[in-house]
Amino acid sequence: MSASFNMPEMESEEFVLWQALLEKQTGLWLPESRKAFLITALSRHMIEKGFTNYNELYLKLNTDSVSILDWASLTDSLTVNETCFYRETHSLNLVSSYCRNMALEKFQAAPDSPQHLQIWSVGCSTGEEVYTLAIEMDKLNLGLKDSCEKEIYFGVSGIDISYPALAVAREGIYAARQLDFVPTTTKNMYFNRLADEYFQIKDSIRQRCCFIQSNILELDAKLKQNYDVIYCQNVLIYFKQDRKQAVIEQLVERLKPGGLLVLGHGEVTSINSDVLTRVDNKHCLAYLRKDK
Ligand SMILES: C[S@@+](CC[C@H](N)C(=O)[O-])C[C@H]1O[C@@H](n2cnc3c(N)ncnc32)[C@H](O)[C@@H]1O
């Protein structure tokens, strides 16, 4: 099949089938207005795999024998990976102050034991969010060392459904323009300048971060650990309300008692949960797990 392959029209009934299939597999809900976007993504996939009509591909993807890689390459063309360093400053400030208070509480409760904090970035895309959180935790440690000669052992895990986004995240190399929102002192402290205006996050930060491929609709044994902070920004906006609720329930299960869940503004309209209490902060949408 040549690259000039003309995509056939997609009937409304056909679009509805695709919409439901994608929602079931990935949580992504494509409104009718994104039909052209779906057709473009499917065309790339059909050309690559040699399919000539939507139905053929639909039937293939709707069987149990379909390979994970088939889904992965299609979802990669449909997901929005847009992200940047220091994207949500109010949410980041909230995480920093929560972690500082947690660290001080832990040091007070057990002054001689090493203390740990685990943060989870859900839908981490190409890694900027994970590294921003890790940099902020490192800065917190510098402050703790100054004020009480202690530090907290922290880790930041990122998960995403997209293999290519995670490959970029693991390398931690970014073009200079991607660091536009990184303060200069932070850039100098935490990035190594490479050739051709590229920068790589320093090993001291990379070693604190790990990246896992996973679908948040199928959180499984890969994520047994529970977290002090779960940070989920600009992911659920693409999901339907009932899915959002189901995903949030899964996230809450992985939140430690007393832990902080930070969601993006507009991520959800309402949360139905007996164990969460809203954090009083007009700039962020965040909850504490009550059962401390
Ligand atoms: C718009 S980006 C947000 C990145 C980052 N959280 C931020 O706010 O800058 C959304 C990310 O969610 C990921 N995503 C979408 N659906 C997902 C799913 N079902 N499981 C895991 N990740 C998913 C996408 O691959 C994408 O990288």
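View 1. The model is predicted: local features need pLDDT of at least 70, side-chain atom pairs count only at pLDDT 80 or more, and totals for chains, interfaces and linings use all residues. Residues are numbered from 1 along each chain as its sequence is written, and side-chain values use heavy atoms, with hydrogens and water left out.

**View 2. The interface of domain 1 and domain 2.** Ten residues of domain 1 are in contact with ten residues of domain 2, where contact means heavy atoms within 4.5 Å. About 950 Å² is buried between the two domains, and carbon and sulfur atoms give 54% of this area. Buried area is the accessible area (1.4 Å probe) that two parts lose on being put together, summed over both. Of the area that domain 1 buries against domain 2, Glu-23, Trp-29 and Asp-76 supply 41%, more than any other three residues.

**View 3. The salt bridge across the interface.** One salt bridge is found across the interface of domain 1 and domain 2; the term denotes a side-chain nitrogen of Lys or Arg within 4 Å of a carboxyl oxygen of Asp or Glu. Glu-23 forms a salt bridge with Arg-243, and their closest N and O atoms are 2.8 Å apart. Glu-23 is buried, at 10% relative accessible area, whereas Arg-243 is partly exposed at 23%. Here buried means under 20% relative accessible area, exposed over 50%, and partly exposed in between (1.4 Å probe, protein chains only).

**View 4. Further salt bridges.** The whole structure contains eight salt bridges. In one of them, Asp-228 pairs with Lys-106, with the closest N and O atoms 3.8 Å apart. This pair links distant parts of the chain, as Asp-228 is in strand S7 (residues 227-232) and Lys-106 in helix H5, 122 residues apart. Helices (H or I, at least four residues) and strands (E, at least two) are DSSP runs, numbered from the N terminus. Asp-228 is buried, with a relative accessible area of 2%, and Lys-106 is buried with 18%. Lys-106, Asp-228 and Lys-256 are linked in a network of salt bridges.

**View 5. Aromatic pairs at Tyr-174.** The whole structure holds six aromatic pairs. Rings of Phe, Tyr and Trp (its six-membered ring) pair if their centres lie within 6.5 Å; planes under 30 degrees apart count as stacked, over 60 as edge-to-face and the rest as tilted. The ring centres of Phe-85 and Tyr-174 are 5.0 Å apart and the planes stand at 85 degrees, so this pair is edge-to-face. Phe-85 lies in the loop between helix H4 (68-78) and helix H5 (89-109), and Tyr-174 in strand S3 (residues 173-175), so the pair ties together parts that are 89 residues apart in sequence. Both Phe-85 and Tyr-174 are buried. Tyr-131 and Tyr-174 also form an edge-to-face pair, at 6.4 Å centre to centre and 75 degrees between the planes. Phe-85, Tyr-131, Tyr-174, Phe-191 and Phe-211 form one aromatic cluster.

**View 6. Arginine side chains over aromatic rings.** The charged end of Arg-34 sits over the ring of Phe-37, 4.0 Å from its centre. Arg-208 lies over the face of Phe-154, at 4.4 Å from the ring centre. A charge sits over a ring if NZ of Lys or CZ of Arg is within 6 Å of the ring centre and within 35 degrees of the ring normal.
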